Amino acid sequence: MKFEVGKSYKIKSFNDDEIAGKLLTLGFLPETTIFFTRKSPFGGAYYFDINGIKIALRKEEAEAIIAV
Amino acid sequence: MSPTTKIFKVALIGNPNSGKTSLFNSLTGLHQHVANFPGVTVDKKIAKYQIDNNLTIELIDFPGTYSLYPNSDDEKVVAEILSNPVNDDYPDSIVYVMDPFALKREMLLLTQLKDIGIPIVVVLTMKDLVEKRKLDLNIKKLEEIIGNKVIFFSNKTKANIDEIRLALKQSINNPKDNQRCYMLNSDEKSIVATFSNRLNFNTDYQALLQIHHSDWLKYQNKYLKKEIKEYKNNHDFKSLSFQINETLDRYGFFSKEISKIAIKDKTKKETITDKIDNVITHRVLGPIIFFIVMLLLFQAIFSWAELPMNLLESGFSSLSTFIKSNFAESWFTGLLADGIIPGLAGVLVFIPQIFLLFLIIGLLEEIGYMSRVVYMFDDLMKKFGMNGRSIIALISGGACAVPAIMSTRTINNWKERLITIMVTPLISCSARIPVYTLLVVFAVPDTHIGVFNARGLVLMGLYLLGLAMTLVSSMVMKYIIKSKGRSYLMITLPEYKRPLIKNIAIFVKEKVGAFVFVAGKIILIVSIILWFAASYGPSGAMDTAEKDAIEISTGKNLSKEEMSNLKASERLEHSYIGILGKAIEPAIKPLGFDWKIGIALITSFAAREVFVGTLATIYSVGSTDDGMKVSEQMAKDINIRTGEKTYNQAVAWSLLLFYVFALQCMSTIAVVRKETNSWKWPIIQFLYMGFLAYFFSFLVYNFLN
């Protein structure tokens with residue numbers, strides 16, 4: 001799904017098993033709150049904050065997350 | 001100690017950025033050495049570590065990983081070894097390194113390690129940081145929850161290092177098994193049961209890993225792989241979704257209790273890292289800052305390295321002169337003074353630049369900047385078939401392609417890594433500078449365009465041309481090379497921290513060492529071979545050449561020095577290499593090159609800057625370090641056939657473009673062969689870059705002529 005910069009989201013599930021497996025190991029767990037801090041200069045990578053841990057994802061990787 | 005004493009192996013395992021390598025450095029210092037894990041180009045750092053007088057262990061720094069379900073080649077190493085009890089590197093004990101700020105996430109790998117069944121000592125790092133921020137962390141409680149000994153450690157103060165020692169000793173002398181965490185589901189149980197007599201394992205979880213990873217594990221034979229695959233298909237064994245369920249299950253195992261003790265930043269205030277990143281990774285400011293950092297980096301490697309490079313060069317050339325003038329003339333003094341010493345000089349002269357390059361890259365890496373660069377430019381590099389991590393290789397390529405290509409190991413997608421390896425040598429390295437500066441004198445008149453010197457502008461243009469071709473080639477390869485698996489960015493951006501000098505020192509030592517051993521060996525060997533080829537020729541030919549030279553000299557009344565220079569030049573023309581130069585002349589004539597340039601092209605395979613030295617010998621200048629003299633002689637050289645000057649503008653431009661594109665470097669070929677583990681890629685690389693060089697040289701020569 002699409003994300004907006006500067007907003008918090010609560011992860012519900014994922015729409016891609018392969019990406020999900022990898023995101024889970026990084027701490028992107030269901031019911032976890034993530035904050036979308038900013039986009040990269042060219043817009044293709046996203047900077048997230050999960051309880052103080054900073055992780056960058058590609059746009060496609062982030063879009064595999066279903067959150068509210 | 002009896003000779004049969006078993007050497008206990010201890011593996012250092014942890015998430016990336018958990019402080020694992022810092023801990024390894026704290027424990028072992030400079031006594032570590034780097035090898036490869038068998039069959040892969042993944043660095044394996046090992047060190048002997050003395051626990052006490054009776055017990056010395058081998059400490060192995062495993063690649064950082066989040067889980068035993070790996071994303072990259074180096075993470076695969078961890079799963080490959082830990083799932084296989086008969087592997088040579090299978091550890092007797094594990095030190096699990098945890099970052100106290102990421103406890104929850106780190107529980108995943110901890111529970112996996114517990115299920116592997118190797119005794120674990122947990123080391124929690126960054127004690128100083130936690131105390132400095134007056135944060136609360138109950139170690140006793142943590143030990144209770146996870147059921148392992150936990151040592152709180154600081155790489156800065158090294159407090160509690162003895163406790164680590166003691167805990168390790170205990171885990172080896174009285175190994176204590178871990179409680180198991182994950183219960184296999186019924187499908188997993190039955191597949192493990194089916195293959196249990198065919199697999200070699202200590203715990204059920206190891207067997208399960210062998211089944212999940214069956215398609216890529218190196219130690220499993222193909223018949224078993226086939227059977228496991230068939231079983232998975234026939235029984236609808238959903239490997240991927242089982243892995244996801246298992247991961248979720250493992251997170252659940254300790255999560256409630258861990259949540260209670262995990263460090264919470266109650267303040268919710270922006271941390272220092274947040275504040276820095278607001279500027280450093282800003283969408284507009286970020287790239288500007290990166291550009292400035294790069295300017296400083298290149299300023300450092302080109303201007304600060306100049307003095308030590310000149311000193312090394314003149315030191316070696318005086319050593320050669322000293323040997324030649326103080327020892328009797330023999331083949332051995334010749335080999336030493338004209339083969340080995342210049343060869344060594346050719347290696348060592350690059351060290352100041354490579355040292356500075358990795359000092360700065362190491363510093364940027366250590367404070368946490370490099371992963372921001374990867375984040376900022378990943379999408380841009382992806383358009384060229386590469387990855388954010390490729391940037392580090394391309395930057396390093398500005399000094400030397402050899403360490404640059406070795407640094408691509410951190411790129412986890414094979415296609416992206418391969419493209420980076422294939423295009424990096426197109427970035428103008430420092431060995432091309434002497435060639436450029438010599439030739440640009442003939443190519444461009446000494447005038448000014450506005451405030452800029454025309455030659456300076458052309459030099460910059462050559463660099464940009466190399467860079468442009470790097471991007472064009474990578475774009476083309478993106479469509480040609482087939483992809484193996486998906487590629488990911490997914491990178492943790494660690495908190496900014498003050499650098500530990502020791503870590504940088506070890507990083508620099510490792511990189512410079514790798515350069516000296518890989519490139520050094522090749523440059524030295526090639527130099528020696530070339531010396532033989534340049535000093536010997538078909539029987540009689542050399543002697544006749546020398547006699548001719550003496551005759552001419554006496555006839556023309558030349559000075560002693562002029563005579564010996566002429567002798568050297570005549571000998572070179574009739575040596576094996578001279579013959580080879582003449583043999584390739586027809587092939588390079590369309591580019592405007594004669595056999596003399598042909599010789600220099602061949603010898604510069606040792607390292608490009610040898611081109612200048614070879615021309616010095618051919619034009620019998622004698623002293624090789626005097627660039628002005630070389631260009632004066634070159635300017636006088638007349639083409640016998642046309643009666644025109646050999647180095648007219650067209651030839652100089654043609655040569656310049658040839659050196660921008662051609663893969664004139666044995667060391668690069670060797671390192672590409674090593675990193676890709678095949679001859680296929682270095683050959684393709686040599687051919688495509690050679691084609692580019694030939695094509696553009698031909699074009700410019702015929703255009704200007």
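# Close-up views of chain B

The crossing of H3(B) and H10(B) is right-handed. This is a predicted model, in which local features need pLDDT of at least 70, side-chain atom pairs count only at pLDDT 80 or more, and totals for chains, interfaces and linings use all residues. Residues are numbered from 1 along each chain as its sequence is written, chains are lettered from A and ligands numbered from 1 in the order in which they are written, and side-chain values use heavy atoms, with hydrogens and water left out.

**View 1. Helix H3(B) against helix H10(B).** H3 spans residues 103-116 of chain B, and H10 spans residues 239-261 of chain B. Helices (H or I, at least four residues) and strands (E, at least two) are DSSP runs, numbered from the N terminus. The two axes come within 8 Å and cross at roughly 120 degrees. Axes are lines fitted to C-alpha atoms, for helices over the stretch in contact, and angles run from 0 to 180 degrees between N-to-C directions. H3(B) and H10(B) are therefore oblique to each other. Angles under 35 degrees count as roughly parallel, over 145 as roughly antiparallel, 65 to 115 as roughly perpendicular and the rest as oblique. A crossing is right-handed if the near helix is turned clockwise from the far one by less than a right angle, and left-handed if anticlockwise.

On the H3(B) side, the contact residues include Leu103(B), Met107(B), Leu108(B) and Asp115(B). On the H10(B) side, they include Glu246(B), Arg250(B), Phe253(B) and Ile258(B). Contact means heavy atoms within 4.5 Å. By class, the residues of this contact divide into 7 nonpolar, 4 polar and 6 charged. Ala, Val, Leu, Ile, Met, Phe, Trp, Tyr, Cys and Pro count as nonpolar, Asp, Glu, Lys and Arg as charged, and the others, Gly among them, as polar.

**View 2. Helix H20(B) against helix H30(B).** H20 covers residues 432-443 of chain B, and H30 covers residues 649-661 of chain B. Their axes come within 8 Å and cross at roughly 160 degrees. H20(B) and H30(B) are therefore roughly antiparallel to each other. The crossing is left-handed. H20(B) contributes residues including Val435(B), Tyr436(B) and Leu439(B). H30(B) contributes residues including Ala652(B), Trp653(B) and Leu656(B). The contact of H20(B) with H30(B) has 12 nonpolar, 1 polar and 1 charged residues.

**View 3. Helix H27(B) beside helix H30(B).** H27 runs over residues 595-603 of chain B. H27(B) and H30(B) pack at an angle of about 15 degrees, with their axes 13 Å apart. The pair is therefore roughly parallel. H27(B) passes H30(B) in a right-handed crossing. Ile597(B), Ala600(B) and Leu601(B) of H27(B) meet Val651(B), Leu655(B), Phe658(B) and Tyr659(B) of H30(B). These residues divide into 7 nonpolar, no polar and no charged.

**View 4. Asp61(B) in strand E4.** Strand E4 of chain B holds residues 55-61, Asp61(B) among them. At 5% relative accessibility, Asp61(B) counts as buried. Buried means under 20% relative accessible area, exposed over 50%, partly exposed in between (1.4 Å probe, protein chains only). The Asp61(B) side chain makes polar contacts with the side chains of Lys20(B) at 2.7 Å and Thr21(B) at 3.2 Å. A polar contact is a pair of N or O atoms within 3.5 Å; within protein, one must be able to donate a hydrogen and the other to accept it, and residues adjacent in sequence count only if both atoms are side-chain atoms. Leaving aside neighbours within four places in sequence, Asp61(B) is also in contact with residues including Leu12(B), Phe24(B), Phe37(B) and Lys45(B).

View 5. H31 spans residues 666-676 of chain B. Its buried residues include Ile669(B), Val671(B), Val672(B) and Glu675(B). The buried residues of H31(B) pack against helices H18 (401-406), H19 (414-423), H22 (501-535) and H32 (680-704) of chain B. Asn677(B) follows H31(B), with a positive phi near 60 degrees.

**View 6. Two loop residues with positive phi.** Asn17(B) has a phi near 65 degrees, positive in a residue other than glycine. Asn17(B) sits in the loop between strand E1 (8-14) and helix H1 (20-28) of chain B. Asn17(B) is partly exposed, at 42% relative accessibility. Met490(B), not a glycine either, has a positive phi of about 30 degrees. Met490(B) lies in the loop between helix H21 (454-480) and strand E10 (491-493) of chain B. Met490(B) is buried, at 8% relative accessible area.
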